[in-house]
Amino acid sequence: MSPGPENKRQHTRVPAVLRVDYTDGRQARDVTENLSHTGLFVQTEQAFSLGDPVRLALSFPGLLDPVEVAGTVAWVRPAASDHPGGVGVRVEREEDRRKLGDILSAAGADSHASHAEHEGYRVLIVEDNPHIIEMYSYVLKKLASGELHGKVPLEVHFAPDGHHALLMLREGRFNLVMTDLYMPVMDGFALVERMREEEALRAIPIIAISAGGKEAQDRAMQLGVDIYLRKPVRFVEVLETVKQLLRIK
């Protein structure tokens, strides 16, 4: 039996979308859903059992270099219609807890010094669904107002498809691309492929957002996607992660 909610929430968890690579030989890449000072939750389709040891490298393309931690699987959450499955990982070593604390400090009140010197972080979101764009825009207004964790130099632009995205990427500086995979004109797969072929665009980190299954994820990763997120995506948590990491850059 998995531990009850009272055991899962002994420490405050902060929403955070970080890339997860496994350093224990597992050939997979997943993402975190949240972090605390003593553990984290990893969204994954892999089969884990309670007590399994795991070694992870946490990172965010362009903002956070890999941070390696070790832990054990403390609870398992089956996939459901409104959320992906995953595992809660408990981190025991004090050294690794300090590493998590360093990441979490970005969300604290004592971490405002360094972000003002950052030249700014520009994100391009490639999405053709007007309802999703409307939702994104609502979140962006809150970010721009400083309502969520204060203001940081974060600028977000939109493109309706891969063709328009390429034009924008060639004309301006962008630090991150978040793209849907299934779109008209030029889909996200083609966009990723073109970006990885062009010298000037090759190094830009890419987050893919899709309702596709494992096949879509595998294809996106093979083309060069850094992080794969399954819809429905908590968009605000992605940008909050960017904002928090800007403070510790």
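A contact here means heavy atoms within 4.5 Å. Among contacts in the chain between residues at least 6 apart in sequence, 64% join residues at least 24 apart. The model is predicted, so local features need pLDDT of at least 70, side-chain atom pairs count only at pLDDT 80 or more, and totals for chains, interfaces and linings use all residues. Residues are numbered from 1 along each chain as its sequence is written, and side-chain values use heavy atoms, with hydrogens and water left out.

The chain has 7 helices and 12 strands. Both are DSSP runs numbered from the N terminus: helices are H or I with at least four residues, strands E with at least two. Of the 249 residues, 50% are buried, meaning under 20% relative accessible area with a 1.4 Å probe, protein chains only. The chain exposes about 11900 Å², by the Shrake-Rupley method with a 1.4 Å probe. Carbon and sulfur atoms supply 51% of that area.

Now take strand S3, residues 29-36. It is mostly covered, with 7 of its 8 residues buried. Strands pair if DSSP finds at least two bridges between them. Strand S1 (residues 14-15) runs antiparallel to S3, joined by 2 bridges. Val14 has Leu35 as its bridge partner in S3.

Strand S2 (residues 19-22) is also antiparallel to S3, over 3 bridges. Here Arg19 partners Val31 of S3. S2 and S3 form a hairpin with 6 residues between them. In that turn, Gly25 has a positive phi of about 100°.

Strand S4 (residues 39-43) joins S3 through 5 bridges, again antiparallel. Leu35 has Leu40 as its bridge partner in S4. The S3–S4 hairpin has 2 residues between its strands.
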